[in-house]
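Please have a look at the sequence and the model as they come up, and then we will go through some parts of them together.

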Amino acid sequence: MLLDVENVTKIFGAAEERIEVLRGVSLSLDAGETLALTGESGSGKSTLLHLIGGLDHPDSGSIRLDGTEVTTLDDAGRARLRRDQVGVVFQQFNLIPSLRVADNISFQARLAGRSDPDWNATLAGRLGLSSQLSKYPEQLSGGQQQRVAIGRTLAAKPPLILADEPTGNLDEATADAVLEAMLTLVRETRSALLIVTHSGHVAARMDRQIHLAKGRIAS
Amino acid sequence: MMRAGLQALLSHWTRNPLQLFTLLAGLALATALWSGVQAINAEARASYDAAAQTLGEARYAQLRGADGGPIPQQTYIDLRRAGWLVSPVLEGRAQIGAVDLRIAGIDPLTAPPGVGTIALTNGEIGDFLTGAGQLFATPDTIARIGETPDLTFLPTDGIAPDLAITDIGIAQSLLNAEGEITRLVVTSAQPLGRPPLEQIAPDLVLMAPQTDTDMAQLTDSFHLNLTAFGLLSFAVGIFIVNGAIGLAFEQRRQMFRTLRATGLPLRNLIGLLAAELILFALVAGTIGMALGYLIAAALLPDVAATLRGLYGADIAGTLTFRGGWFVSGLVIALGGTALASIGAMSKLARLPILAAGQGRAWAMVSSARLRIQAIVSVALLLAAAGIAAFGSGLIAGFSLLGALLIGGALALPVILDLLLSAGERLAKGVTAQWFWADTRQQLPGLSLALMALLLAMAANVGVSTMVSSFRLTFIGFLDQRLASEIYVSTETAEGGRLLEEFATEHADAVLPILSAETDLAGLPGTVFGARDHATYRDNWTFLSSISNPWEAIHAGTGILLNEQTARKRELSVGDPLTIGEATFPIAGIYGDYGNPTGQAILSEATFRGLFPEAEATRFGLRTSDPDALQEALIQDFGLDAGAIIDQAGIKAISLDVFERTFAVTTALNILTLAVAGFAILMSLLTLAGMRLPQLAPVWAQGLTRRALGRYELIRALLLAALTTLVAIPLGIVLAWALLAVVNVEAFGWKLPMYLFPLLYLRLTLLACLAAALAALWPARKLARTPAAHLLKVFSNER
Amino acid sequence: MNVKALAVAICLAAPATGQGFAGLGTEVDGFSVPQPNPAFDFPADHGAHPDYRIEWWYITANLDGADGVEYGLQWTLFRSALAPEDGTGWDTPQLWMGHAAITTPTDHFVAERLGRGGVGQAGVIADPFDAWIDDWSLSGPDFDTLRMTATGEGFAYNVDLTATGPLVFQGDRGFSVKSSEGQASYYYSQPFFEVEGTLTLPEGDVAVTGSAWLDREWSSQPLGENQTGWDWFSLSFDTGEKLMGFLLHEGEDTSYTSATWIEPDGTSTPYPNGAFAAEPLEITDVGGRDVPTRWQVALPDRGVDVTVSAMNPQAWMATSVPYWEGPVHIEGSHTGRGYLEMTGYE
C-alpha cells in the first residue's frame, strides 16, 4: 500500500471560531491507483490533500506514505517528502514566475536529484509545450500553465501525484485536454493520483471515488 | 463630490498604513537630513557673521599699533580731535567665573553701525556707559560663567560664544589695561579735510577690512561640502518617496477608474491627489524639520569644534531656531514631493478612463524599459563627461554632480540586471539558479530602494574621499609650509634685523620670510624671497615642476607660482612670468590652499635685487630644541610670547580638527545609510505580500520556509553588495567632481584626490549591514509564514 | 530757546517714558533745577554745568556767499548728564553730542558727532572759552570773539564770530518758563554776532559774511509732560530789531508761547504766554513727513505781522533725534532773515 490515512482530524481556528474541517477521515491508495476526492465546497477535501502532501499537518490521526509516517515529520522532513515523494498540481499559481518553462518543468526533479533531460523533453512534447520552453509562465495561457505544472509534477516521477482542481480555472474543452494528458502520463509513470474535484465528469475517469461531506467520508 | 473623492483616496492609506508610513517617513528623513545639514551650515555662518560683526574687522578698516602693541588712549583722542572718525576697541582675555572669557570693550557712542551689535534699550545705555559693570554675552556663555557678584551679565544673541561685549571703560579695568586700546575701527564715511595719519599718529598702521579672508575661503569650502552632502541625502529620500507614491498610484488605479467613471473630472482627481500629497509633504516636512533640528543639534558641537580648531572661527555649539530655515525646509519637502510625484501624476493624466483596473504592481523586468533607462543613463553620464571637460562655473559643477547622480542611479538596475542574468547562467544547482532568477525578478520592486542605497553609498564614498583627501592634502601642506620648528615675527624692520642676528647664533637656520606686494600676471599678489636652504628642498612638493625647481630658483633662472594664479592665467611650467622688470620661466607650480590671492617665490638674492626696500619681519627658525629657543627668544631677546608660533602646536590643532570633521562625516554616513536601509526595509515589506505567489510553488516543491527566509536575507545582502560595486566608482567620480571641478570653480584651487580602499570596504560592510538589518524582519516573517497563508495562494477553497 | 536740543541730547540717556518729546518731560532726580532771579557769573557760566541734566551751545547763522548764494549755518554742542557728576575717565556720566549743518537753497548738509566726557573727546572750558567735540570747536580768547569750525562728510566750515552787542537774557532775566506748570530753564543769547569765514562744499570753498545768533541754555526738566514739540523762531529784522518766539505744542490744539523783543541796542522785553502767535500757512512733504515751512507770525504788541518762509524747505536734520532746522525769509510788516526750528514732526 502506497498511502494509508487513518482517522485524520484537522481543526482551523480556536475557541468559538473553531471549525472542524476533517473529523476522522481514513482512506488508502495503492501504487498506481487513481482516486477522486469529491465533495461540496468546505467539505475538507483540499485540506486532506494538503495533509497528505506534507504541506500542512493534522491535529490527530496518522498518514503513512510509502511506509513513512508523515504526521511526525518536522518542517525539513516534510519539505523532503514534498520534494521526493509527491507531486502537486494546484488550481492556480503552480509555477515559479522567474523561471522559464523548461526550468519550471525540471525544477522539482532537479531538487529531488532525479532530473532526466530526455524525459523532460518527452514530457514537454507530450504536453504540447515544445515551442514554449524558453518562455516565462506569465507569457502562457492558463491551459498551457497547467500543462507546465503537470509536466513539472511528472518530471520527477513521484510515487504519488496530488492534484487539487487542476482544471478548475480552465474552460471545458481545455480542461478535458489537460486532464486527458495528465491521466495518460500518470498511467505511463505508474504514479498514484489523488485528485480533488467537484466535477463528476472528472471523478468518473478515476479508478475509485470518495465523497467527503462535513469532514467525513460519505461513501 | 470632491469631499467624497478625497475620502475615497484617503481610505487607501487607512487600509495600507505601512505604505503611508513609508511615504511620510521617507519624506521626513529626506527633509531631516537636508535641513539638518542646512541648519548646521546656517548656524555656523550666523556665528561667523556675528563674530565678524561684533568686532567689525570684516566691514571696517582698522588702525593698529605698528609694533602690534596697545594704542595709548591719548592717540585715540588726538585722532578724533583731528577729524578721524575712529572708535576704540579693547580686546583681551580674562578668567571670569568658569570661563576664559574674551572681552571686547567698545564705545557705543563712536562705534560705527554693526560694531558691538547688542540690543541696548534707552534705559540700559546709562548703566552700560557709566561703570555699573554691564557685559553682554550669549545666554549659553552666561550660563557657563556662573555667578559673578561684581558683574552684571545680560543675555544677547548674535555674538560669538565665549565673548563678552562691554563698555571700553569696564574692559580697561577688567583687563587691567587703563588707558589702552587694542585697535581703532575706522568709520567708512570720513569728514572732509582730515590730516594724514602719519601726521597725527605715526605709530599706527591702517589695515583694510578683512572681507576676503583665508578663513572665509576655507570655511566656505567646508560648508560647500556639507551642502553637497545634504543634497545627496535629500536625493536618497526623494527616491524613497518616489517609490511610495508610485506604488500607491499603482494600487489605486482601480479606484481612480471608478472615481472617474462615476463622474469625477480628471482635473479634479489630479487636484485631489495633489492636495493629498501637499498635506503629506507638510506633515512629513514638519516631522523632518524636527528630526533635522535634532540631527543638527547633535552634530553641531562637533562642527563647532571643527571650525574653531581649523579656522579659529568661534561658532556657537548650540543651535538657534531660525524661522527662515524652517520655511525653507518645508519648501524643500514640498518641492521634493512634487519632484517625486511627477511620474505618477503624468501617468495618471494620460490614463484612459477605462484602462485596466488592476495594474501590474509586479512584472518581469521589462527589457524595453531597461533599454530606455540604459539609454538615458548613458546620455546623462556622457553629458557629465562633457560638462567636466568643457563646462565652467559653479552651476556647471553642480550640474555635473546632478548628471552623475541621476545617470548613476538609472544605470544601477541595468547593471544589476546584467550581473544577475550572468549569475543565473553561471549557476550550477537548481536552487542557485532559482535564487538568481528570483533575485533578478525582484529588481523592479527593489530598484528604487537600491538606487537610494546607491546614492547614499556614493555620497558616503564621495564625501569620505573628499574629506580624507582634504585632510591628507592639508596636513601635507602644513608640513610644507610650516617646516620650521618656530615662527617669529617682529613689528619693525629694525627689530627684524636684530632678531635675525640673535637667531643666527641660537638657531640651526634662520629663514627670513621676505615678501612684497606686486602684480602677478596682471593679478594682485605677493612675491616671497626664499633663502637657499634644505628646508625648502626637502619639504616642498609641487603640482607640476621642472626636475630641480629649487636649483633654478637659487640660480635666479626660475620662479615658483601658486596654483590659483596659474589656473586663472592658464600658466604652466616653462611659461614666462614677469616680476617688476625681470622675467623668469615658471619652474614649479605649488598648491596654496585657502589663499585667495596670487603668490610667487623667488630666491632671496633675486628678490632682494628686485625689491631692495623689502625687509623681513617674519622668520622661520630651524632648531632641534624648539623649547630652548623659544625660551631664549623670550628671556634673552625679549620677544613677546605672542610673536612666537610653535609649529607643533599648529599641527596638533589641525589634526584634532580633522578628527572632529571625521566624527561629523561618520555620523552623516551612518545616517544616510540608515535612511537607505529604511528604504530597503519598506520595499521588502511592501513586496512581501506580493511575493507569496512566487514563493508558494517553490515551497510546495520542497523548500522549507526557513530556507526561503534565509534566501531572502542573502538576496538583500547580494543586492546591497552588488549595489556597492556600482556605488564605489560612482562615489569616487563624485569626489573627483567635488575636488577637481566644484572646488576649483568655487575657490580656484584643486584638491588632489587620494583613494582609501579600507574606508570603502568599511562603507561596503556598513551598507551590507544596513541591507541585512532591513531584510531581517521580512525574512523572519517569511520563515514563520503559516502554511495556510501559502496554501491560500493555490486555491480559493480550503 | 532750542528746547529740542535738550531733547536730542537727553535721548541718549533718559529712559523712554513715552512722555513729551524725546523724554524731556521726565522727573528730575538729583539734578539741580533752575530757580527764578538768576545771578549769572561770567565767564564761568559760559562753561558747562554738570549738575544740570541738559545744556547746549547753539549757533545759527544767516550768511551771504561771495558767489551770491545765501547760506544757513548751524553749530550745536549738546551736553547730557546721566548723573549730576563730573570727573575724568570713561565712567564720567557726561555725554556730548554735536550737530553741524550748512543749508543752501538747494542742499542741506548735516553731520552728527557723539562723544564721552572725561576722556577729552568733547567738553567745554569757560575761560578762555573752548567748546569742542572731536575736530569741531567753538573757541576764542573770550565769548565775544569766537572761531567756529565743523566738518562732515562732504562739507566743512571755518568762520569767525565777533559780537557787536551785549548778551540778551531771555524770559525773566534769563529764567525762561517753558510751561504753564512752571518748568523752566536758564536761557541767554548773543544775537549780535557778525560772521566772516569760509564754507567748504563739494564744489569748493566759498567766502561768506553775515550774522549769527548764539543761544545758551541749561536745565534739568524744561518741558511739561504733555508738551510734544515746538516751533522756535529767531528773527532779525532789517530795522535792527530782533524777535525770539516759540510755540510749545500741548496736545492737539493748544500751545504755550513765549517771546522776547530785542532792540538794536540789546534792550529786551519778555512776552508771556499768548502774546506771540504763529500759524502754519503751507505744509511741505519732507521725506514723508508733513512739515509747515511757511508761517504767519505775529507779535501784535510790536506791530509785527509777517510771513516767515523756509529758504530751503528740505532742511531736515536726519540726526539721532531728527528735527527741522533752517534759515528763513521774513516778509510783511517787517522784512529780514532768521532761523526756524521745528520738532515733534516725526
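Let me begin with a question: is the crossing of H4(A) and H5(A) left-handed or right-handed? Before I answer, please keep in mind that what you see is a predicted model. The crossing of these two helices, H4(A) and H5(A), is right-handed. Helix H4 of chain A covers residues 117–126, and it packs against H5(A) at an angle of about 150°, with the two axes 10 Å apart. Since angles over 145 degrees count as roughly antiparallel, H4(A) and H5(A) are therefore roughly antiparallel to each other. On the H4(A) side the residues that meet the partner are A:Trp119, A:Asn120, A:Leu123 and A:Ala124, and on the H5(A) side they are A:Gly151, A:Leu154 and A:Ala155. By class, that contact of H4(A) with H5(A) holds five nonpolar and two polar residues, and no charged ones.

The contact of H5(A) with H6(A) has six nonpolar, four polar and one charged residues.

Now to where the two chains meet: 34 residues of chain A are in contact with 27 residues of chain B. On the chain A side, helices H1 (45–52), H2 (75–84) and H3 (101–111) each supply at least two residues, and the largest share, six residues, comes from H2(A). The residues on that side of chain A divide into 14 nonpolar, 10 polar and 10 charged.

Chain B, finally, has 798 residues, of which buried residues make up 45%, and its secondary structure comes to 24 helices and 20 strands. In helix H3 of chain B, residues 73–81, the buried residues are B:Gln73, B:Thr75, B:Tyr76, B:Leu79 and B:Arg80. Because they cover an arc of only 155° around the axis, they lie on the same side of H3(B). Among the elements that cover them are strand E3 (86–96) and helix H7 (197–200) of chain B. H3(B) is followed by B:Gly83, whose phi is positive, near 100°.

Technical notes. Residues numbered from 1 in each chain as written. Chains lettered and ligands numbered in written order. Predicted model: local features only at pLDDT ≥ 70, side-chain atom pairs only at ≥ 80, totals over all residues. Contact = placed C-beta atoms within 7 Å. Helix = DSSP H or I, 4+ residues; strand = E, 2+ residues; numbered from the N terminus. Nonpolar A, V, L, I, M, F, W, Y, C, P; charged D, E, K, R; others polar. Buried ≥ 20, exposed ≤ 12 C-beta atoms within 10 Å, placed from the backbone. Arc of directions from axis to C-beta. Axes fitted to C-alpha atoms, helices over the stretch in contact; angles between N-to-C directions. Parallel < 35°, antiparallel > 145°, perpendicular 65-115°, else oblique. Left-handed = near helix turned anticlockwise from the far one by under 90°.
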